[in-house]
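Please look over the sequence and the structure shown here before reading on. The paragraphs that follow go through the structure one region at a time.

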Amino acid sequence: MSGDRVSSIFPELALTLRIGITGRASLLLTTMLTASTLTACTPLDLARYCEGTASRVRETAALDILDSRPAGASVAQGFEEVDAGCWADSGDIVVYADRWYAFPGTRSEVTAHYRSAALRDGWGPASEAPSTDLCFVKGTMSLWIVFATAERLAEDGLGHRPDLTTGAGYSIGVDSYEHSGGATGC
């Protein structure tokens, strides 16, 4: 069926498609196509794999450790809400939650804060964490504290964020493997 034929039969759909392909819909479509290409899963497969994880996503997003921060740290503008969701790859289903903080101090101050806060909250240090990041484990969850670097910010499309490059900007996130038997770790 030609585009004109679709437009004449379903004018609202054609208008929605023309308008919706720009902006967020375009980004969503690109992300879904990339994910399905890289994982050999269709968007419906990805959604199906994450079925039934909504309550776990909410629980993970509500973890107190995500709101813990050193004195002087502030939630980075545009990241007021915890980013949480589910993704699937090669049979592994991962529930995640993370957020970004701007901090005018040093990395060592952030490190000291989270070593103390994580231990108080029942997280144990993970021995295999990369030397540039902090990682802790608790049950089936991994807790990451990742410092902002120019490269990482560029990869995440945040290269224009001076609030994250002045001092020790960082993200804190929790990953939890669900229903897949994936090992907890860093």
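Glu81 counts as exposed, because its relative accessibility is 65%, where exposed means over 50% relative accessible area, buried means under 20%, and partly exposed lies in between, all with a 1.4 Å probe and protein chains only. The place of Glu81 is the loop between β1 (74–75) and β2, and its C-alpha atom is separated by 9.2 Å from that of Ala61, a residue 20 positions away along the chain. The model is a predicted one, in which local features need pLDDT of at least 70 and side-chain atom pairs count only at pLDDT 80 or more, while totals for chains, interfaces and linings use all residues. Residues are numbered from 1 along each chain as its sequence is written, and side-chain values use heavy atoms, with hydrogens and water left out.

Taken as a whole, the chain has eight helices and seven strands; these are DSSP runs numbered from the N terminus, the helices being H or I with at least four residues and the strands E with at least two. Of its 186 residues, 34% count as buried. Among the contacts with a separation of 6 or more, 66% are between residues 24 or more positions apart, a contact being heavy atoms within 4.5 Å.

Cys50 is buried, at a relative accessible area of 14%, whereas Cys86, at 23%, is partly exposed.

Helix α5 comes next. Its buried residues are Arg56, Val57 and Thr60, and they lie on the same side of α5 because they cover an arc of only 105° around the axis, the arc being that of the directions from the helix axis to the C-beta atoms. As a general rule, an α-helix has 3.6 residues a turn, so residues three or four places apart point the same way. Thr60, which lies in helix α5, counts as buried because its relative accessibility is 0%. Leaving aside residues up to four places away in sequence, Thr60 touches Leu66, Val95, Tyr96, Ala97 and Val174.

Strands β2, β3, β6 and β7 are also the elements that give two or more residues to the lining of the largest pocket. On a 1 Å grid over the protein atoms alone, a pocket is an open set of points where a 1.4 Å probe fits, with protein on both sides within 12 Å along at least five of seven lines, and lining residues have an atom within 4 Å of a point. The largest pocket has a volume of about 430 Å³, the volume being the space filled by probe spheres set on the points, which are joined across faces, edges and corners. Its lining is made of 17 residues, of which Asp83, Tyr96, Asp98, Ser171 and Asp175 lie nearest the centre. Strand β7 gives the largest share of the lining, five residues. By class, the lining has 10 nonpolar, two polar and five charged residues, where Ala, Val, Leu, Ile, Met, Phe, Trp, Tyr, Cys and Pro count as nonpolar, Asp, Glu, Lys and Arg as charged, and the others, Gly among them, as polar.

Two further residues remain. Phe136, placed in strand β5 (residues 134–138), is buried with a relative accessible area of 4%, and its C-alpha atom is 5.2 Å from that of Gly124, 12 residues away in sequence. Ala112, in helix α6 (residues 107–120), counts as partly exposed at 49% relative accessibility, and its C-alpha atom is separated by 8.8 Å from that of Pro70, 42 residues away along the chain.
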